[in-house]
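Reader: Please take me through some ring contacts, cavities and strand pairings, with the criteria behind each value.

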Amino acid sequence: MSEPKRLHPIVIVLTIGKRIKDFIFSFIALFFIWNKGDGGKLLLFGASAIVIIGIILISILSWLRYTYRLEENELRIEYGVFVRKKRYIPLERIQSLDISEGILQRLCGMVKVRIETAGGSGTDEAEAVLSAISKSEARYIQEYVAVAKNPSVPDIEDVQEPSNHTVFKMTSAQLILLSLTSGGVGVVISAVLAFFSQLDDFIPYEKLFRGVGQLAVSNMIVIAIFVFIGFVAAWIVALFGTMLKYANFQVAKTEHDLVISQGLLEKRQITIPLTRIQAIRINENIVRQWLGYGSVMVESAGGSASNKEGSKVLLLPLVKLQDIEKILGPVLTDYRFASNFTPVPKRAMNRYVFRSWIIIVPLAVASIVFLKGWGLLSLLILALVTFWGVLRYKDAGWRLEEQQLSLRYRSMVRTTVFIKKNKLQVLELKESYFQRRKDLVTLEAFVKVGFGGAGGRVSDMDRNDVKKVYTWFSRESEKRD
């Protein structure tokens, strides 16, 4: 039993900041619409003041009306300013308590607890979020949940501090290499372009950039330099963002869970129940593959629709491929992290190359026809995608063990998926008319992860190999055993 408790008052500041951020584009629209003459400025100031005062009042009332308590093996939350809402979460349904510390939480000695359940609420949010509670209160909730899930423990006072040992700790060299080889620059550039795309109706781009075409022709070198500087700046921002996110990264194992801690400005702690792990995934982009490195991801049953990290968690951000078995073997004893795979047959190579040509060949032909000499440059792109098709063919493969299916394939990165037989939910076989002529079949394996499925897919496997996998998975094989 416990009395209803409120979150720390810093939640008011966090809520105000979030709501002002949600209104930022509305403020920009008001600025361009009403910022004309003294009357327009006065109206703009008045409307902005009313909105800000309203946000502050609503945020204070939201904090006052939000309470939580632990009672009868349930987490009970009541909230709502105008309409009172109640949410009761059975503790046995809770799959993970993810703890993080933002800058404001750390200044106040608080933490944020994100609660994920089996199946979740079906919305884009977590089942519940306690935005600012004390570390001792977060620990108390963890212990209370442990008691609810372990009936053999008679009382919360009997719950001991879970023993744990460090499985992996990222070194400074690994952190730097992770940042240098990450794809964060694309995210930064996309975010900047998305921001400016929202301002089309307010910024007179046509007037500002009238005559830019002529200027561009005469200053191509200068423009190229500025574009290069922009990409370098975006890369630097992404590099530092990655370093801040994964600083102090380490993985520890308790009796029933894997606990991941990371972050410099915002500290996070993610708990993954070992029993909820559905598959292990190794990703290697082309640079990391050449260097012999990859990242390991755990696909877990849980999470919410928008919280991808609730179901797909980065377990080892960067590690040498040859060290994965040594690091994870003693922890995930059911898995075998093999490196040798049965390749797809040689007759499948033409199909991999042809699929890479479907889009680029018509474009290359059109470029040569309409652009003449300059169009020949498209042949370089054709050569590149042909190389990529051959690379995808060479990377495709599979491996079957007594209780594990392993698949390897490539899209933009090379992916290796390890799935236990008892976690495999669906095995799907696909074949087109052209595949049937060459006795080739595409194999897809699915496991249950969060609100969707995950797994792996290998195209153009030999028909006999697919039959072996199907027989291994089918109930008929279990009956024979």
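Reader: Which residues do ring pairs link into a cluster with Phe168?

Author: The model is predicted, so local features need pLDDT of at least 70 and side-chain atom pairs count only at pLDDT 80 or more, while totals for chains, interfaces and linings use all residues. Residues are numbered from 1 along each chain as its sequence is written, and side-chain values use heavy atoms, with hydrogens and water left out. Rings of Phe, Tyr and Trp (its six-membered ring) pair if their centres lie within 6.5 Å; planes under 30 degrees apart are stacked, over 60 edge-to-face, and the rest tilted. Ring pairs join Phe168 in a cluster with Tyr246 and Phe249.

Reader: How many aromatic pairs are there, and is the pair of Tyr246 and Phe249 stacked, edge-to-face or tilted?

Author: The count comes to eight aromatic pairs. In the pair of Tyr246 and Phe249, the ring centres are 6.2 Å apart and the planes stand at 50°, so the pair is tilted.

Reader: Are Tyr335 and Phe337 buried or exposed, and what is the angle between their planes?

Author: Buried means under 20% relative accessible area, exposed over 50%, and partly exposed in between (1.4 Å probe, protein chains only). Tyr335 and Phe337 are both buried. Their rings form a stacked pair, with 6.3 Å from centre to centre and a plane angle of 25°.

Reader: At what distance from the ring centre does Arg410 lie over Trp388?

Author: A charge sits over a ring if NZ of Lys or CZ of Arg is within 6 Å of the ring centre and within 35 degrees of the ring normal. Arg410 lies over the face of Trp388, and its distance from the ring centre is 5.2 Å.

Reader: Which element supplies the largest share of the lining of the second largest cavity?

Author: On a 1 Å grid over the protein atoms alone, a cavity is a set of points where a 1.4 Å probe fits but cannot get out, and lining residues have an atom within 4 Å of a point. Helices (H or I, at least four residues) and strands (E, at least two) are DSSP runs, numbered from the N terminus. Both β1 (67-71) and α5 (135-149) supply at least two lining residues of the second largest cavity. The largest share, three residues, comes from β1.

Reader: In β17, which residue is the bridge partner of Tyr409?

Author: Two strands pair if DSSP finds at least two bridges between them. Strands β16 (residues 404-410) and β17 (residues 414-420) are joined in the antiparallel sense by seven bridges. The partner of Tyr409 in β17 is Thr415.
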